[in-house]
Amino acid sequence: MKIINIYIILALILSASLFGCARPEAQNGILIYALKSDPVSLNPVTASEFISQTVNSVIFSSLVKRGENMDIEPDLAESWESDESGKVWTFHLRKGVKWHDGAEFTADDVEFTFEKLFDPATNTFNRGLFMAGGKKPEVKAVGIYDIEIKLPCPYAPFISNLPSLGIIPKHLLEGKDINRDTFNWKPSGTGPFKFEEWRAGERICLKANKDYYGGAPRLKGIVFSIIPSPESRKIAVMTGCADMAEVTPEDLRELEKASNIRIHKWDQYLYCYMGFDLTNGLFKDAAVRKAINYSIDKEKIISAVFKGNAVRALGPIPPASPFYDKGSEPYLKNNKEALRLLEEAGWKRNSSGIMEKDGRKLSFDVIYPSGNAAFEKAAVFMQAQLKENGIDMRLKAMEFSALIDRCYPGKFEAVIFNWAETFDPDCFTEWHSSQAGDDGMNFVSYSNPETDRNQEKGRTVYKESEKKKIYSELQRRLSADSPYVFLWDPKGIAAVSKSVKGACRPGPAGLLLNPEKIIVERSREQKDSQPSCNKEEITKNKEKLLSNHIN
């Protein structure tokens with residue numbers, strides 16, 4: 001009875017997130033995508049994390065985009081070229097493109113987007129993606145439909161990073177505070193779907209943009225349903241209350257038995273880590289960071305939590321990348337080495353068994369996103385493993401947006417998080433010393449002149465063999481310095497309803513690569529068996545699922 005009540009509670013939570021907003025009760029043509037949290041912002045200039053990028057990718061367009069094979073394809077720019085130096089780029093824009101409010105898209109919008117990106121008053125982590133040699137490029141509209149971008153020096157990641165920057169409308173944001181304007185939660189883009197409604201913690205509703213320059217979407221709309229619990233997301237796709245959701249490895253056995261679902265797996269440009277605030281005196285000593293690394297049994301965590309759907313991370317560049325280096329220090333579990341490092345650095349166990357030095361205990365808080373089952377379970381393993389060596393790590397789960405607000409020097413001690421890398425091996429924004437502090441993505445404040453020089457050189461090199469050498473050196477230096485505990489490289493895993501047709505092959509670029517081509521097509525039998533997703537029907541379906549599971 002107690003277990004059934006848990007399912008009923010989950011049902012109530014799920015049903016609340018699906019009411020209103022043209023909920024597609026067995027209706028063809030509307031895709032329900034289950035997200036684990038709300039986006040931070042629906043403005044692609046200020047938002048950089050994965051959830052925001054997922055939603056923004058179907059509302060906004062970029063100059064260029066990623067294809068299914070990860071190559072660069074036209075988007076708002078139908079063609080482009082660069083000069084022999086690789087520093088001057090000219091993009092020729094599509095004519096006749098309309099913003100969702102009906103205004104015409106022009107080169108002025110592109111110039112304005114870069115202007116706001118590089119405005120020091122704009123709160124954004126995306127600025128570093130386009131800084132070449134520590135300087136911003138010169139972006140200028142040359143006519144109505146041409147844009148010229150002059151880089152201060154050759155910059156290899158430039159074209160690779162462009163898909164991440166959605167273009168925003170000048171006529172709606174000029175003269176506004178881009179950090180606080182209502183546009184950030186009521187946006188207007190040029191993409192295949194128009195914003196309709198956002199109810200925080202519940203759903204984001206989009207409708208088809210029939211005037212989309214890539215062709216009118218085949219879907220009537222998309223509903224992003226906010227379902228923080230992995231268990232609830234699993235239930236949602238199993239019962240037909242969601243058509244698409246990223247799921248956890250522990251749910252695979254049950255999901256793979258469901259006849260209405262396809263399971264997709266892919267290698268991601270994503271790694272998970274525990275990072276330290278290097279401005280904190282506790283973590284300034286590399287011996288402490290290395291001891292923590294040697295104390296953690298990453299293989300055990302990966303086996304227990306991911307069931308073979310992840311590999312041990314060796315650095316910021318994941319195995320999916322051709323620039324991945326296998327030679328970095330793996331930091332296998334080694335209590336003897338961890339204790340040697342600590343003792344040589346002057347740490348000794350106190351009467352409580354905790355390492356102590358000069359009156360300070362080797363004790364710290366680690367924050368991580370609440371609702372992330374992998375992080376929550378891994379944190380418990382890590383806490384116990386560190387305790388073996390007298391290291392006291394206190395666990396503090398936090399709501400996602402609150403955690404983001406804490407990721408600044410002096411506001412946290414350690415954090416367990418993940419990072420999505422770009423497809424170029426460039427790691428400048430999170431590892432170069434110029435990006436440290438409050439304004440950049442290097443929020444752990446890592447600084448090493450050798451890695452700075454390495455990254456600066458890597459940004460100017462186009463030849464792949466030379467780039468591999470440069471980024472292998474970078475990965476090995478980062479491993480030696482241990483500003484992070486590089487934990488694991490997870491596979492992407494998604495459950496997708498068999499009613500979904502026309503979707504691209506799932507891969508590192510996401511599940512919604514060409515959303516205008518997707519349809520949701522249910523047979524008569526599927527419609528008849530589709531739950532209405534109201535409270536009573538969801539509860540009934542959860543109890544049925546539970547009964548089948550027990551039997």
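Q: Two strands pair if DSSP finds at least two bridges between them; what makes strand β18 (residues 363-369) and β20 a pair?
A: In this predicted model, 2 bridges join β18 to β20. The definition asks for at least two, so β18 and β20 count as paired. The two strands run parallel. Isoleucine 367 stands opposite valine 415 in β20. The names of strands (E, at least two residues) and helices (H or I, at least four) come from DSSP runs, numbered from the N terminus.

Q: How do you know that β20 also pairs with strand β13 (residues 270-276)?
A: DSSP gives 7 bridges between β13 and β20, which meets the requirement and therefore makes a pair. Here the sense is antiparallel. Within this pairing, tyrosine 273 has phenylalanine 417 of β20 opposite.

Q: What makes strand β20 (residues 414-420) mostly covered?
A: Of the 7 residues in β20, 5 are buried. A residue is buried under 20% relative accessible area, exposed over 50% and partly exposed in between (1.4 Å probe, protein chains only).

Q: Why is aspartate 251 called buried?
A: Its relative accessible area is 5%, which lies under the limit, so aspartate 251 is buried. The residue is found in the loop between β11 (244-246) and α7 (252-255).

Q: Which residues does aspartate 251 touch, not counting those up to four places away in sequence?
A: Contact is defined as heavy atoms within 4.5 Å. By that rule aspartate 251 touches Pro230, Glu231 and Lys234.

Q: What makes tyrosine 331 count as buried?
A: Tyrosine 331 has 6% relative accessibility, and that value is under the limit for buried. Tyrosine 331 lies in the loop between β14 (310-312) and α10. Leaving aside neighbours within four places in sequence, tyrosine 331 contacts Lys290, Asn293, Tyr294, Ile296, Lys298, Ser479, Ala480 and Ser482. Arginine 312 is 19 residues apart from tyrosine 331 along the chain, and their C-alpha atoms are separated by 9.8 Å.

Q: Why are α8 and α10 called roughly antiparallel?
A: Helix α8 (residues 286-295) and helix α10 (residues 335-344) pack at an angle of about 165°. Angles under 35 degrees count as roughly parallel, over 145 as roughly antiparallel, 65 to 115 as roughly perpendicular and the rest as oblique. The angle between α8 and α10 is therefore in the roughly antiparallel class. Their axes, as lines fitted to C-alpha atoms over the stretch in contact, with angles from 0 to 180 degrees between N-to-C directions, are 8 Å apart.

Q: Which residues in α8 and α10 meet?
A: On the α8 side they are Ala287, Val288, Lys290, Ala291, Tyr294 and Ser295. The residues from α10 are Asn335, Glu337, Ala338, Leu341 and Leu342.

Q: How do you know that helix α14 (residues 449-458) and helix α15 (residues 464-481) come within reach of each other, and at what angle do they cross?
A: The axes of α14 and α15 come within 10 Å and cross at roughly 155°. That angle makes α14 roughly antiparallel to α15. In the contact, Glu450, Thr451, Asn454, Gln455, Lys457 and Gly458 of α14 meet Glu466, Lys467, Ile470, Tyr471, Glu473, Leu474 and Arg477 of α15.

Q: What makes β15 (348-349) and β17 (360-361) edge strands?
A: The open sheet is formed by 3 strands in the order β15-β16-β17, with antiparallel pairing. Both β15 and β17 pair on one side only. Arginine 349 has methionine 355 of β16 as its bridge partner.

Q: What makes β4 (77-82) and β6 (138-141) edge strands?
A: Each of β4 and β6 pairs on one side only. This open sheet of 4 strands has the order β4-β5-β7-β6, and its pairing is antiparallel. The twist from one strand to the next averages 15°. Between β4 and strand β5 (residues 88-93) there are 5 bridges in the antiparallel sense; alanine 77 stands opposite leucine 93 in β5. Helix α3 (residues 107-117) packs on the sheet and touches β5, β6 and β7 (146-150). The direction of α3 makes about 160° with that of β6.

Q: How are residues numbered, and which pLDDT values are needed in this predicted model?
A: Numbering starts from 1 along each chain as its sequence is written, and side-chain values use heavy atoms, with hydrogens and water left out. Local features need pLDDT of at least 70 and side-chain atom pairs 80 or more, while totals for chains, interfaces and linings use all residues.
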